[in-house]
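Work through the exercises below with the sequence and the model open. Each task is followed by a solution in steps.

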Amino acid sequence: MEQYHDIVTLIALTLGVGWASGINLYAVVLMLGLMGASGGMTLPPDLQVLANPLVIGAAGLMYCTEFFADKVPGVDTGWDAIHTFIRIPAGAMLAAGAVGDVGPALEIAAGLVGGGMAFGAHAAKAGTRLMVNTSPEPVTNWSLSMAEDAAVFGAIWATVYHPWIMLGVSLVLIVLMIWLLPKLFRVIARLFRGIAARLRGEKPVPTATPSSTSEQPAALPPAA
């Protein structure tokens, strides 16, 4: 039974770290480092460097920076665009490091899974923020940012202390991302097409609907 628990913990850590890194990489590194340094968890050998005070300090500084940048409409989208090249590879590296020294094949597999989870989470976050930023009010933006931070900390906590729960949540997240991302990309594509049309000075052409055509008066017969 203990062997199965270790396997589930390993899978949950791979999936959880990958997904959470796509949302807020610095929060993941900071929390894992603090838990490892305080004895709250035993970090895998390849991730023990996260407990180094320099790494914790750097992660804390960058988390504070992202905490404020993530709550400014427009700035958060630029921040997400830059971190496309940071969160996804870092999520893959953390997921690969989570499996420990078990062989290169499993490390590569874990890196691919973790990178995929990071990509899905990052794409969902960046796309949602882009749509929210079309509204001038900042409340939704702040609420999303706080909810994302809470989800990241909750995911890492569940990964360490309740891996079975995190494994189930991860499977649900995979299904949701497969269902949500194509719809999100279509909405964003329409948004960009609308912006491009406005920049070119074009006006959207209304499309005829069956109701509108049916309400048109019938042509009168010619007068005798």
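This is a predicted model: local features need pLDDT of at least 70, side-chain atom pairs count only at pLDDT 80 or more; totals for chains, interfaces and linings use all residues.

## Exercise 1: Helix α4 against helix α5

**Task.** Describe how α4 and α5 are oriented to each other, and which residues make the contact.

**Solution.** 
Step 1. Helix α4 covers residues 104-132 and helix α5 covers residues 139-161; they pack at an angle of about 165°, and their axes are 10 Å apart.
Step 2. Angles over 145 degrees count as roughly antiparallel, and α4 and α5 are therefore roughly antiparallel to each other.
Step 3. The handedness of the crossing of α4 and α5 is right-handed.
Step 4. On the α4 side the contact uses Lys125, Thr128, Arg129 and Val132; on the α5 side it uses Thr140, Asn141, Leu144, Ser145 and Glu148.
Step 5. Sorted by class, the contact of α4 with α5 holds two nonpolar, four polar and three charged residues.

## Exercise 2: Helix α3 against helix α4

**Task.** Repeat the analysis for α3 and α4: what is their orientation, and what classes of residue are in the contact?

**Solution.** 
Step 1. Helix α3 covers residues 75-98; the axes of α3 and α4 come within 6 Å and cross at roughly 160°.
Step 2. By the cut-off of over 145 degrees, α3 and α4 are therefore roughly antiparallel to each other.
Step 3. α3 and α4 cross in a right-handed sense.
Step 4. From α3 the contact includes Asp80, His83, Arg87, Gly91 and Ala95, and from α4 it includes Gly111, Gly114, Gly115, His122 and Lys125.
Step 5. The classes in the contact of α3 with α4 are nine nonpolar, eight polar and six charged residues.

## Exercise 3: Helix α2 against helix α3

**Task.** Decide how α2 and α3 are oriented to each other, and name the residues in their contact.

**Solution.** 
Step 1. α2 and α3 pack at an angle of about 140°, with 9 Å between their axes.
Step 2. Roughly antiparallel needs an angle over 145 degrees, and roughly perpendicular runs from 65 to 115. At about 140°, α2 and α3 are therefore oblique to each other.
Step 3. Met62, Thr65, Glu66 and Ala69 of α2 meet Val75, Asp76, Trp79, His83 and Arg87 of α3.
Step 4. This contact of α2 with α3 has four nonpolar, two polar and three charged residues.

## Exercise 4: The largest nonpolar core

**Solution.** 
Step 1. The largest nonpolar core has 44 residues, and those with the most contacts inside it are Val17, Trp19, Val28, Leu32, Leu50, Leu94 and Ile156.
Step 2. Take Ile156 as a case. Apart from neighbours within four places in sequence, Ile156 is in contact with Val17, Ala20, Val28, Met31, Leu32 and Met35.

## Exercise 5: Asp149 and Glu137

**Task.** Classify Asp149 and Glu137 as buried, partly exposed or exposed, and place each in the chain.

**Solution.** 
Step 1. Asp149 is in helix α5. Its relative accessibility is 7%, so Asp149 counts as buried.
Step 2. Not counting residues up to four places away in sequence, Asp149 touches Asn24, Tyr63, Phe67 and Lys71. Asp149 and Phe67 are 82 residues apart in sequence, with 8.6 Å between their C-alpha atoms.
Step 3. Glu137 lies in the loop between α4 and α5. At 30% relative accessibility, Glu137 counts as partly exposed.
Step 4. Glu137 and Pro73 are 64 residues apart along the chain, and their C-alpha atoms are separated by 8.9 Å.

Terms used. Residues are numbered from 1 along each chain as its sequence is written. Side-chain values use heavy atoms; hydrogens and water are left out. Axes are lines fitted to C-alpha atoms, for helices over the stretch in contact, and angles run from 0 to 180 degrees between N-to-C directions. Helices (H or I, at least four residues) and strands (E, at least two) are DSSP runs, numbered from the N terminus. Angles under 35 degrees count as roughly parallel, over 145 as roughly antiparallel, 65 to 115 as roughly perpendicular and the rest as oblique. A crossing is left-handed if the near helix is turned anticlockwise from the far one by less than a right angle, and right-handed if clockwise. Contact means heavy atoms within 4.5 Å. Ala, Val, Leu, Ile, Met, Phe, Trp, Tyr, Cys and Pro count as nonpolar, Asp, Glu, Lys and Arg as charged, and the others, Gly among them, as polar. A nonpolar core is a set of buried Ala, Val, Leu, Ile, Met, Phe, Trp, Tyr and Cys residues joined through side-chain atoms within 4.5 Å. Buried means under 20% relative accessible area, exposed over 50%, partly exposed in between (1.4 Å probe, protein chains only).
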